[in-house]
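Work through the exercises below with the sequence and the model at hand. Each task is followed by a solution in steps.

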Amino acid sequence: MDKTIATLAEAVSTVADGATVMIGGFGGSGAPIELIHALIDRYRATGHPTGLTVVNNNAGNGHVGLAALIEAGMVRKLICSFPRSADPVVFTERYLAGKIELELVPQGTLAERIRAGGAGIPAFYTPTGYGTELAKGKRIEEFDGRPYVQERWLKADVALVKAECADTMGNLTYRAASRNFGPLMCMAAAETIVQARKIVDPGAIDPETVVTPGIFVQKVVAVPDPQQEETLNRAGAVH
Amino acid sequence: MSPKLSNAQIAWRAAQDIADGAYVNLGIGFPEMVAKFQPPGRQAIFHTENGILNFGEAPPAGDEDWDLINAGKKAVTLKPGAAFFHHADSFAMVRGGHLDVAILGAYQVAETGDLANWSTGPKGVPAVGGAMDLVHGAKRVAVITDHVTKEGAPKLLERCTLPLTGVGCVTRVYTSLAVIDIEDGRFVLREKLAALTFEALQAQTGARLHLTGPVADLTVPEL
């Protein structure tokens, strides 16, 4: 069983129009820049995929990565917690012009909805958001005398995730704080596509250190020298 | 110009109440300043929503590792004994009651403990981040804030008028003029600047201040 895909283009070739795509990362940390750019390149060459619903913590920064995906016009709806950044102009202009839909979700609720999606839990109760406008229309229930808000699972057709090391069976490790939403999104997507700095043979990752077990991963593609969103933005890069 | 504490002095005062070994989340922006003023001999363990416990100060310019950032997307460093974890574990720490203290900024705080700190209304792009999660679960949820707005309007009110972040969640407020606890739906004054009369403080507060014991002088160093 070898989940390795030779090229980025081939790795993202199955993403369909209208798909829900989870994209790992918190700001630039963990953002799978190369996978996102491969998806944009495919859209520029073929007109597909478009009409995407994207799940990410943020809404992109500058004109690379997620911001470039939005700027290319491929995103219909964004589900995120914090659509602001140092340079949020791409999302902001489209949002204020009514050209992109936003579902704002508290960050911990977003994480837990994704986890629930991956774990087969259709709904759960959280104290977060109770009594606020983000809980409007949601079911409220009391447990041990305190009110909680019912939240639903979140699943995706595709997840794009950046890992540090993958083995060919899809077992993953991550670097520093870049894992953030990655392990959750790998669980919640029907097809998880991972870019890894290194791809190694089975057995080369100590099972004690595997963060995402390979069962949650369908494709791995090697990106030996991945770009950082922050570094690209400081250089004024545009994709 | 009546006397008031600077932001650094408010942050210093809040830092004095953080015990050695406490697990603490500081909101992005002004609350981050609290980390600089830990009393000698005490070391708190700072949590950031994006998956680090026990991070330290920013690295020198040029030494940033952009996989190692805090919730404000600023580069940080690690202290010995740091740990990484994914977002669901991170918010389990928050909602699960494992943090000792969360310190947040505020647009408005109500005597009921309600907090408004994420939205100033329907204009522009709404963004909530982890604010609504952080107000639930920490054993103490403290606010640091100027006592009044830039226009001089009270920020401590009977009821918040801005969109709420959470209901009945704040336990203590450190302001530029006073330290105030929230107990049983009331503001209880604990400390105030010595130069300020109770009446002058009450006049700048949008809800009644209660006294349940002696009020100490709010004294902080020049910073």
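Of the 239 residues of chain A, 56% count as buried, meaning that 20 or more other C-beta atoms, placed from the backbone, lie within 10 Å of the residue's own. The model is a predicted one, in which local features need pLDDT of at least 70, side-chain atom pairs count only at pLDDT 80 or more, and totals for chains, interfaces and linings use all residues. Residues are numbered from 1 along each chain as its sequence is written, while chains are lettered from A and ligands numbered from 1 in the order in which they are written.

**Exercise 1. Describe the overall form of chain A.**

Step 1: seven helices and eleven strands are present in chain A; helices (H or I, at least four residues) and strands (E, at least two) are DSSP runs, numbered from the N terminus.
Step 2: along the principal axes, the C-alpha atoms of chain A fill a box of roughly 55 × 45 × 30 Å.
Step 3: the radius of gyration of chain A is 18 Å, which agrees with the value near 18 Å for a compact globule of 239 residues. The radius is taken over C-alpha atoms, and the globule rule is 2.2 Å times the number of residues to the power 0.38.

**Exercise 2. Which residues have the most contacts inside the largest nonpolar core?**

Step 1: a nonpolar core is a set of buried Ala, Val, Leu, Ile, Met, Phe, Trp, Tyr and Cys residues joined through C-beta atoms within 7 Å.
Step 2: the largest such core has 137 residues, and Met22(A), Ala159(A), Met185(A) and Ala188(A) have the most contacts inside it. Strand E8 (residues 156–167) of chain A gives the most to this core, eight residues.
Step 3: leaving out residues up to four places away in sequence, the residues that Met22(A) touches include Val55(A), Ile114(A) and Ala156(A). Contact requires C-beta atoms, placed from the backbone, within 7 Å.

**Exercise 3. Locate helix H1 of chain B and what covers its buried residues.**

Step 1: chain B has four helices and 14 strands, and 45% of its 223 residues are buried.
Step 2: H1 (residues 7–15) of chain B has buried residues, among them Ile10(B), Ala11(B) and Trp12(B).
Step 3: the cover over the buried residues of H1(B) includes strands E5 (101–104) and E8 (140–145) of chain B.

**Exercise 4. How many residues of chain B are in contact with chain A?**

Step 1: 31 residues of chain B contact 39 residues of chain A.
Step 2: H2(B) supplies the largest share of the side of chain B that touches chain A, five residues.

Conventions: A residue is buried if 20 or more other C-beta atoms lie within 10 Å of its own, exposed if 12 or fewer, and partly exposed in between; C-beta atoms are placed from the backbone. Two residues are in contact if their C-beta atoms, placed from the backbone, lie within 7 Å.
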